[in-house]
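Thank you all for coming; I would like to walk through one model this morning, taking the chains one at a time and then the places where parts of the model meet.

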Amino acid sequence: MPVDMSDVRAALERDEPDYTQAQQLGPGAIPHLAALVRGDDAMLAAKAVYLTSLIDAGQDAIKVVADAASHPDPAVRVAAAAATRHLPAHAASDIVIALAADSDGGVARVALKSVPAKPSDELRGQLAYLQGNSEFPELRELATHILADTGP
Amino acid sequence: MGSVTSEQAELFAFRDGMQPTDIAVFFVRSTVPPTNGCAAHPGGRPGAAVAAGATRWTLGHEVGHVLGLDHVDNNDQLMTGNGTGRITNPPPDLLPSEGATMDQSALTIDI
């Protein structure tokens, strides 16, 4: 059955969305989720990008997450960082690299906590940079731990 | 109660000056996964988190959960599971039975 925007909004306008249930909307929801990410409601945009990553890990979903990673609202960028946990490692690494360098420490923190188990060389380079240069002590410490845990 | 993450456990540990039955509400910018609010809390540390993008009814809704209320399928009521942003005819209602449930909560004390 086709999915329309009202179905998607009904799932995401809940105070506590049931993401497991919402996943059942399937790939047909992706265009609507992408529209919500581009919309002016940051709460819905954050929920939409997270749900997108749970529904699909293909190019369309990766683009939605990548778009959300440059959203002006940091709450949406936080959701994009968390969403990368559901993407293939190569795609996640590219997005995490950008978000780990976010000027908002909260966004960068979630990005670092979303580093894939086998980060790319480029992402490891970013982690090494943050280890020595982040203005946030917690991020320097986090980067140190991740580099140690993920190994070369 | 519900299951909590290590970050939630860390957040809900901030209870300086609070009594065991006090409900702590933490106003946060966002949650992972994204929610308007979340009533899951560690045992013995009753509380909820409310996100910056929540509705004006989310705080009451989450405290309702902490006091034992479940979702209902009625957008005239505070505990609607369809989203408090969809509440019609505000302010939203609480049923007498919901009031009784909250009265029976171990967190509700006579003052």
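This is a predicted model: local features need pLDDT of at least 70, side-chain atom pairs count only at pLDDT 80 or more; totals for chains, interfaces and linings use all residues.

If you read chain B along its sequence, the elements come in the order α-β-β-β-α-α, which gives that chain three helices and three strands.

As for the overall form of chain B, its C-alpha atoms fill a box of roughly 35 × 35 × 20 Å when the box is taken along the principal axes. A compact globule with 111 residues would have a radius of gyration near 13 Å, and the 14 Å of chain B agrees with that.

Now to chain A. Along its principal axes, the C-alpha trace of chain A spans about 50 × 25 × 20 Å.

Chain A is also assigned two domains, with domain 1 covering 1-87 and domain 2 covering 90-152, and the C-alpha centres of these two domains lie 23 Å apart. Each side brings 13 residues to the contact between them, that is, 13 from domain 1 of chain A and 13 from domain 2 of chain A. The area buried between the two domains is about 1,000 Å², and carbon and sulfur atoms give 72% of it. On the domain 1 side, A:Arg77, A:Thr84 and A:Arg85 lose the most area to domain 2, together 42% of what that side buries.

Which residues form the salt bridge between the side chains here? They are A:Arg77 and A:Asp102, which meet at 2.6 Å, N to O, and the rule finds one salt bridge across this domain interface. The count of residue pairs in polar contact between the two domains is three. The elements that give two or more residues to the domain 1 side are α5 (59-68) and α6 (74-83) of chain A, with α6(A) giving the most, six residues. By class, that side of domain 1 has 10 nonpolar, one polar and two charged residues.

Finally, the interface between the chains, where 25 residues of chain A and 22 residues of chain B take part in the contact. About 1,600 Å² is buried between chain A and chain B, of which carbon and sulfur atoms give 49%. Within chain A, the residues that lose the most area to chain B are A:Asp15, A:Glu16 and A:Met43, together 41% of what that side buries.

How many salt bridges does the rule find across the interface of chain A and chain B? The number is four, and one of the salt bridges at hand joins B:Arg86 to A:Glu13, with the closest N and O atoms 2.6 Å apart. Across the interface of chain A and chain B there are also 11 residue pairs in polar contact. At least two residues each of the chain A side are supplied by α1 (5-12), α4 (42-55), α6 and α8 (105-112) of chain A, and the largest share, five residues, comes from α6(A). The residues of chain A that touch chain B divide into 13 nonpolar, two polar and 10 charged.

Notes:
Residues are numbered from 1 along each chain as its sequence is written. Chains are lettered from A and ligands numbered from 1 in the order in which they are written. Side-chain values use heavy atoms; hydrogens and water are left out. Domain bounds come from an automatic or database domain assignment. Contact means heavy atoms within 4.5 Å. Buried area is the accessible area (1.4 Å probe) that two parts lose on being put together, summed over both. A polar contact is a pair of N or O atoms within 3.5 Å; within protein, one must be able to donate a hydrogen and the other to accept it, and residues adjacent in sequence count only if both atoms are side-chain atoms. Helices (H or I, at least four residues) and strands (E, at least two) are DSSP runs, numbered from the N terminus. Ala, Val, Leu, Ile, Met, Phe, Trp, Tyr, Cys and Pro count as nonpolar, Asp, Glu, Lys and Arg as charged, and the others, Gly among them, as polar. The radius of gyration is taken over C-alpha atoms; the globule rule is 2.2 Å times the number of residues to the power 0.38.
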